[in-house]
Amino acid sequence: MEAKQGTSAMIAIAFIPIVMVLGNSMLVPVLPTMQKELDLSQFQTSLTITVFSLAAGIIIPLVGYLSDRFGRKWVIVSSLIVYGIGGIISGMAAWLMENSYAAILGGRIIQGIGAAGTAPIAMALIGDLYSGAQESKALGIIESSNGMGKILSPIIGSAIALITWFAVFFTFPILCFAVAAYVWFGVKEKKKPEGQPLPEYLGALKQIFKNKGRWLIPAFFVGATGLFILFGVLFYLSDILEETYKVDGILKGAILSIPLFGMVVTAYITGAKLKQNKPLTRRLMLIGLTILTGAMIAVAFFKQIYLMIGLLTLGSIGIGLSLPCINVLVTGAVEKAERGMITSLYGSVRFLGVAFGPPIFSWLMKISHKTVFFSVAGLSFVILLSTFFFIKPGARNQGGAAKEHGPGTLFRKSEKAPT
């Protein structure tokens with residue numbers, strides 16, 4: 001692929017995760033206002049995030065199969081259109097209906113179904129279009145654009161909510177339809193994937209998990225837990241800023257963006273430096289999860305807002321170190337014929353992590369501040385141990401080739417050497 005064409009495609013693909021994360025992150029600063037306007041409980045409000053992510057998590061595996069069978073671009077564009085339609089439904093319900101909560105949740109479910117075919121399929125498309133160091137850099141850009149969407153979305157959501165709290169729902173169709181058009185005309189797939197019949201396809205997936213499940217399942221769990229912590233922390237921080245410190249509007253959105261900024265910058269640098277270096281991938285994951293665990297333990301002892309924001313930002317940096325590493329491992333683990341399903345399963349697990357973050361944090365918040373962060377620190381420590389014991393890329397011998405490690409090996413000998 002020519003460099004110019006590759007750059008154009010990369011820009012188009014980079015917009016996909018930005019649009020996806022707006023689905024949740026842009027609503028986070030609006031949730032306290034929504035709770036008051038619709039007279040909802042904190043748990044009911046958190047379901048606005050949960051139903052979106054659950055719908056996406058359930059549908060993603062099906063969408064992954066469709067992308068392997070019929071092509072990535074067709075699935076992505078169709079999904080973006082569905083995503084936008086769901087935003088229209090939720091916005092119209094909030095605007096025109098007196099008891100709009102159920103209809104808003106219905107629109108959010110439709111949005112989640114659309115979101116299923118966005119960022120996870122974009123990861124598979126990256127694997128199709130790029131290779132070697134270029135692929136790991138592109139995956140870092142994808143993770144960074146995902147984070148950039150998270151940085152911008154609280155500010156955008158807070159600013160749009162100055163018009164009215166439900167105006168954010170009408171932002172989705174504008175962005176989704178524009179990005180769908182850009183992807184359709186800006187991305188050139190090399191060729192339509194040769195789809196397998198479903199029984200053969202499922203058989204191939206079964207074999208993948210039989211051979212690689214020892215590390216693949218823990219890797220999925222690490223990605224899901226990172227996003228579970230990230231969105232739970234954002235939900236917690238949004239609530240205390242408004243309820244305890246009386247901070248709202250654009251200022252609250254800007255404060256919520258600080259931890260996310262740390263994650264984004266770290267994810268971009270990490271993706272650029274990896275260059276398919278498998279031992280480095282594991283080291284960075286361990287460092288990132290150690291930082292996350294330590295930061296969450298420290299936050300449990302402090303409620304002073306400035307110190308807490310600083311420690312939460314440090315924890316986000318740890319997440320930013322880990323996520324691009326997992327992206328490289330997952331996309332490099334299988335052949336292109338099954339890549340869409342594998343990245344979609346990974347995306348499904350990530351969405352489930354996001355889905356359960358706000359309601360579980362809402363429950364823990366009713367107990368105490370220390371309960372929230374000691375629980376999160378314990379979970380982070382579990383995935384740190386899981387990474388240490390189960391996720392082991394092949395070590396390099398003196399000639400630079402990867403050595404096999406038996407069933408736990410992540411990468412095949414036939415892969416290209418790092419460039």
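User: Before we start, what cut-offs on pLDDT apply here?

Analyst: Residues are numbered from 1 along each chain as its sequence is written, and side-chain values use heavy atoms, with hydrogens and water left out. As this is a predicted model, totals for chains, interfaces and linings use all residues, while local features need pLDDT of at least 70 and side-chain atom pairs count only at pLDDT 80 or more.

User: What does the secondary structure of the protein chain come to?

Analyst: Helices (H or I, at least four residues) and strands (E, at least two) are taken as DSSP runs, numbered from the N terminus. Along the sequence the pattern reads α-α-α-α-α-α-α-α-α-α-α-α-α-α. So the tally under that DSSP rule is zero strands and 14 helices.

User: How much of the protein chain counts as buried?

Analyst: Buried means under 20% relative accessible area, exposed means over 50%, and partly exposed is in between (1.4 Å probe, protein chains only). The chain has 419 residues, and the share that counts as buried is 58%.

User: Which residues are linked in a network of salt bridges?

Analyst: A salt bridge here is a side-chain nitrogen of Lys or Arg within 4 Å of a carboxyl oxygen of Asp or Glu, and the structure holds two. One joins E242 and K36 at 3.6 Å, N to O; the pair ties together helix 9 (residues 198-243) and helix 2 (residues 31-37), parts 206 residues apart in sequence. In the other, the closest N and O atoms of K252 and E242 are 2.7 Å apart, with K252 placed in helix 10 (residues 249-274). The network is made up of K36, E242 and K252.

User: Which backbone oxygen does the side chain of S322 reach?

Analyst: S322 sits in helix 12 (residues 305-331) and is buried at 3% relative accessibility. Leaving aside neighbours within four places in sequence, S322 is in contact (heavy atoms within 4.5 Å) with M285, G288 and L289. At 3.2 Å, the side chain reaches the backbone oxygen of G318.

User: Which residues do ring pairs link into a cluster?

Analyst: Rings of Phe, Tyr and Trp (its six-membered ring) pair if their centres lie within 6.5 Å; planes under 30 degrees apart are stacked, over 60 edge-to-face, and the rest tilted. That rule gives 14 aromatic pairs, including the tilted pair of Y83 and F172, at 6.0 Å centre to centre and 35 degrees between the planes. Y83 in helix 4 (residues 72-96) and F172 in helix 8 (residues 168-186) are 89 residues apart. The cluster consists of F52, Y83, F172 and F351.

User: How do the planes of F209 and F220 sit, and at what angle?

Analyst: F209 is partly exposed, with a relative accessible area of 27%, whereas F220 is buried at 6%. Their centres are 6.3 Å apart, and the pair is edge-to-face, with the planes at 80 degrees.

User: Which residue lies over the face of W184?

Analyst: A charge sits over a ring if NZ of Lys or CZ of Arg is within 6 Å of the ring centre and within 35 degrees of the ring normal. At 5.0 Å from the ring centre of W184, the residue is K73.

Definitions and conventions. Polar contact = N/O pair within 3.5 Å; in protein donor to acceptor, adjacent residues only side chain to side chain.
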